[in-house]
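Thanks for coming. I will walk through one structure this morning, so please have the sequence and the model open.

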Amino acid sequence: MIAKQEVWTYPAEVKVWAGKYKNSHNLLHWHYDCEFLYVEKGSIDVFCEKKKHSLSRGDALFIDSEQVHYMSATEQDTTLIVIVFDYSVIKPYLGNIRLLSPKLEHTYPVTEIYKKLRDVLLNKKTFYGAIAAGIILEFAATIFQAEKVTSRAPVDSTSETFKKLLEEIADKCEYYTFDDAVNFMTMSPAYFSRYFKKVSGITFSDYLNHARTERAVRLLKNQRDLSMTEISLKCGFGTIRNFNRIFKAYTGYSPKLLPENFVFSDQSFYPCKAEFNPTLYDCELIESGE
């Protein structure tokens with residue numbers, strides 16, 4: 001998923017989801033929900049609040065509502081506990097505060113909380129939605145009382161425009177240009193370049209190439225009647241040579257040799273280096289509370 005708003009859907013009676021991922025990796029995105037991450041095994045980098053946070057076993061991170069973020073496992077077989085919940089569960093109690101840093105300084109009994117929460121979600125007994133929300137509320141209260149907090153900043157119009165820009169690029173990547181983005185953000189070219197890199201962690205060129213590559217993967221898998229030249233043009237690469245070079249850099253494969261079961265949304269966000277190991281990004285949901 002290219003950096004757009006991600007919409008979580010929950011069962012009618014509950015506003016909480018919990019599960020475990022192996023080799024977790026996703027693309028730049030945001031959502032109104034809150035997300036709690038805990039590294040059970042291995043290590044992972046999470047880009048959030050304009051900063052990269054490196055997490056290893058026992059580390060935890062809290063992603064607040066509407067924060068733009070992405071993550072990438074940095075060690076094979078990394079296992080991550082993920083708890084997602086609707087912001088409305090904690091919003092009435094937060095007032096005007098938020099955590100100073102997404103990465104948590106203190107340790108919490110995450111494994112026990114996760115097991116308790118998953119048991120409630122799986123059994124689906126009467127009022128299980130309210131019980132799950134209660135577990136989340138108590139957990140969040142513990143975190144916000146122990147961690148350093150700061151005032152929640154007013155809505156930043158530039159940040160909101162940036163989120164809309166991400167939608168624009170995702171929808172129009174085949175012909176979208178740097179100048180289009182600069183005009184959309186009403187910034188000077190130099191300032192826009194710095195701003196995009198600061199907010200997203202990558203350059204505009206890398207992001208645009210990633211969006212085009214994702215579209216190419218989708219066409220290769222779903223429209224097999226198209227020629228490589230047609231796919232190249234439909235995705236905005238211009239020439240076959242440019243298409244082949246960028247595609248392999250971002251997937252580790254040439255377009256003609258792409259495996260049938262390849263899932264691009266689980267691949268590296270950055271152009272792949274010579275030592276690229278596709279198995280590191282074999283993201284898998286290994287446990288769920290549904």
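Before the strands, one term: two strands pair if DSSP finds at least two bridges between them. Helices (H or I, at least four residues) and strands (E, at least two) are DSSP runs, numbered from the N terminus.

This is a predicted model, in which local features need pLDDT of at least 70 and side-chain atom pairs count only at pLDDT 80 or more, while totals for chains, interfaces and linings use all residues. Residues are numbered from 1 along each chain as its sequence is written, and side-chain values use heavy atoms, with hydrogens and water left out.

The protein chain has nine helices and 11 strands. Of its 290 residues, 48% count as buried, where buried means under 20% relative accessible area, exposed over 50%, and partly exposed in between, with a 1.4 Å probe and protein chains only. Now contacts, meaning heavy atoms within 4.5 Å. Among contacts in the protein chain with a separation of 6 or more, 73% are between residues 24 or more positions apart.

Start with strand β7, residues 69–73. Strand β4, residues 43–48, pairs with β7 in the antiparallel sense over five bridges. Which residue of β7 is the bridge partner of C48? That partner is H69. Five of the five residues of β7 are buried. Both faces are covered, with H69, M71 and A73 on one side and Y70 and S72 on the other.

Next, the open sheet. Five strands pair antiparallel in the order β6-β3-β8-β1-β11. The edge strands, each pairing on one side only, are β6 (60–63) and β11 (284–288). On average, neighbouring strands of this sheet are turned by 25° against each other, direction ignored. For angles, axes are lines fitted to C-alpha atoms, for helices over the stretch in contact, and the values run from 0 to 180 degrees between N-to-C directions.

Strand β1, residues 16–22, is joined to β11 by four bridges, and the two run antiparallel. K20 stands opposite E287 in β11. Which helices pack on this sheet? Helix α2 (residues 110–123) does, touching β1, β3 (34–41), β8 (79–85) and β11, and its direction makes about 120° with that of β1. Helix α3 (residues 128–146) packs on the sheet too, touching β1, β3, β6 and β8, at about 70° to the direction of β1.

Between α2 and α3 there is a loop that holds F127. F127 is not a glycine, yet its phi is positive, about 65°. F127 counts as exposed, at 63% relative accessibility. K50, in the loop between β4 and β5 (51–56), also has a positive phi, near 60°, and is a residue other than glycine. K50 is partly exposed, with a relative accessible area of 42%.

Last, the largest pocket. On a 1 Å grid over the protein atoms alone, a pocket is an open set of points where a 1.4 Å probe fits, with protein on both sides within 12 Å along at least five of seven lines; lining residues have an atom within 4 Å of a point. The volume is about 670 Å³, taken as the space filled by probe spheres set on the points.

The pocket is lined by 20 residues, and E49, S65, E66, Q67 and K163 lie nearest its centre. Helices α4 (157–172) and α6 (189–200) each supply at least two lining residues, and α4 gives the most, with four. By type, the lining divides into eight nonpolar, three polar and nine charged residues. Here Ala, Val, Leu, Ile, Met, Phe, Trp, Tyr, Cys and Pro count as nonpolar, Asp, Glu, Lys and Arg as charged, and the others, Gly among them, as polar.
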